[in-house]
Amino acid sequence: MDKKRVLTGLQPTGVITLGNYIGAIKQMIECQEKYDSILFIADMHAITVPIDADTLAKNIRQLIALYIACGIDPKKNTIFLQSENEYHANISWMLECNTYYGELSRMTQFKDKSKKSANFTAGLLTYPVLMAADILTYDTDFVPVGIDQKQHVEIARDIAIRFNKKYGDTFKIPEPLIREEGVKITDLQDPTKKMSKSSENQKGVIRLLDDVDVIRKKIMSATTDSVGKINFDVDNQPGISNLINIYISLKNKTKEEALEEFSNSNYGNFKTAVADVAVNELKKIQDRFNELIDNKELDDILDAGREKTRMIAKEKYDIMKQKIGLRR
Ligand code: TYM
């Protein structure tokens with residue numbers, strides 16, 4: 001039987017965070033053992049908001065090195081750079097012409113991001129369609145993402161269903177793959193907000209390449225509460241609950257196991273335990289990253305990924321053109 005396919009992408013808008021690592025990369029590492037896995041760098045999504053060109057190029061290089069350093073096995077994954085596969089933008093256009101302005105303008109992320117600047121781009125609005133193209137091009141079964149991307153996977157499903165109805169069976173309908181533990185890692189300073197690459201307050205965000213002493217400090221100064229007991233209670237103890245999520249995601253433990261382990265701990269001891277786990281895991285990633293960053297092997301991995309995914313994407317592109325009537 002053919003293996004099911006998983007696919008996901010991360011934007012190179014900054015050094016990726018512990019949230020990205022737990023929400024997407026760790027899931028992909030689990031998936032690579034049993035699925036046909038495709039992982040890409042969503043660089044075309046990164047230009048939907050202003051970004052300096054050299055910074056973007058640097059982030060792309062760092063992200064490919066980080067994928068491998070985190071444990072993504074290039075032998076078990078097809079890894080590519082979105083902008084090197086021109087079919088994504090072409091397919092996205094054909095999908096855009098089958099997507100309604102109304103549904104795009106209702107996307108939560110669009111509403112949030114478009115509020116931040118009066119001059120937001122059209123790309124910010126059509127962003128979910130490019131994401132749908134990324135997913136649908138490869139007949140993806142599962143899309144490992146954090147909860148914040150669930151709505152975008154759902155609109156990809158809607159677009160696929162609509163296209164199939166109009167033009168006949170063309171796309172597989174994908175499912176989001178969201179881990180129950182630690183689906184959303186929150187900001188350490190404001191634990192009601194998502195930990196985000198673009199956050200202004202650096203103290204609330206752990207980046208995979210932060211100095212390990214800084215990582216420890218950020219965790220030790222994370223916002224907590226005055227309850228004084230380790231409970232998992234997102235409404236009343238969001239800071240502590242977030243640290244529990246980080247701990248169990250990194251240690252592959254259950255909430256119950258963590259609550260039992262820390263039932264007699266004070267916040268200081270608990271934070272030290274979380275910091276130890278995070279520092280230990282990220283230090284290993286950073287050591288591998290430093291060995292890899294100048295290695296030509298990274299280019300070979302991206303070259304191979306580009307060739308393989310262009311072949312698959314061209315097939316889908318040709319089918320779509322035929323069905324739509326873009327032919328002589
Ligand atoms: P991006 O770059 O914002 O985030 C990458 C992945 O990390 C997850 N994530 C989190 N998970 C848990 N806690 C957090 N605080 C946290 N922050 C981010 C995200 O849910 C995501 O899985 N549009 C996508 C990139 C993309 C994509 C795709 C993903 C483009 N095309 C096709 C899947 C399939 C994005 O901006 O992710």
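Which backbone oxygen does the side chain of Thr223 reach?

What we have here is a predicted model, in which local features need pLDDT of at least 70 and side-chain atom pairs count only at pLDDT 80 or more, while totals for chains, interfaces and linings use all residues. Residues are numbered from 1 along each chain as its sequence is written, and side-chain values use heavy atoms, with hydrogens and water left out.

Let me start with the ligand. There are 27 residues around the ligand, and those that come nearest are Gln11, Tyr127, Asp134, Asp148 and Lys197, where a residue is counted as near if one of its heavy atoms lies within 4 Å. By class, this shell has 13 nonpolar, nine polar and five charged residues, with Ala, Val, Leu, Ile, Met, Phe, Trp, Tyr, Cys and Pro counted as nonpolar, Asp, Glu, Lys and Arg as charged, and the others, Gly among them, as polar.

Turning to individual atoms, an N or O atom in the side chain of Gln11 is 2.6 Å from an oxygen atom of the ligand, and a polar side-chain atom of Gln149 lies 3.2 Å from a ligand nitrogen. From the backbone, a polar atom of Met195 is 3.0 Å from a nitrogen atom of the ligand. The protein buries 98% of the 710 Å² that the ligand exposes when taken alone, areas that come from the Shrake-Rupley method with a 1.4 Å probe.

Now to helix 9, residues 212–220, in which Val212, Ile215, Lys218 and Ile219 are buried, meaning under 20% relative accessible area, whereas exposed means over 50% and partly exposed lies in between. Seen down the helix axis, the buried residues of helix 9 fall within an arc of 115°, so they line one face; the arc is taken from the directions from the axis to the C-beta atoms. Asp213 and Lys217, on the other side of helix 9, are exposed. The buried residues pack against helix 10 (238–251) and helix 12 (267–292), with contact meaning heavy atoms within 4.5 Å.

That brings me back to Thr223, whose place is in the loop between helix 9 and helix 10. Thr223 is partly exposed, with a relative accessible area of 29%. The C-alpha atoms of Thr223 and Leu188 are separated by 6.1 Å, although these residues are 35 residues apart along the chain. As for the opening question, the side chain of Thr223 reaches the backbone oxygen of Gln189, at 2.8 Å.

Technical notes:
A polar contact is a pair of N or O atoms within 3.5 Å; within protein, one must be able to donate a hydrogen and the other to accept it, and residues adjacent in sequence count only if both atoms are side-chain atoms. Buried means under 20% relative accessible area, exposed over 50%, partly exposed in between (1.4 Å probe, protein chains only). Helices (H or I, at least four residues) and strands (E, at least two) are DSSP runs, numbered from the N terminus.
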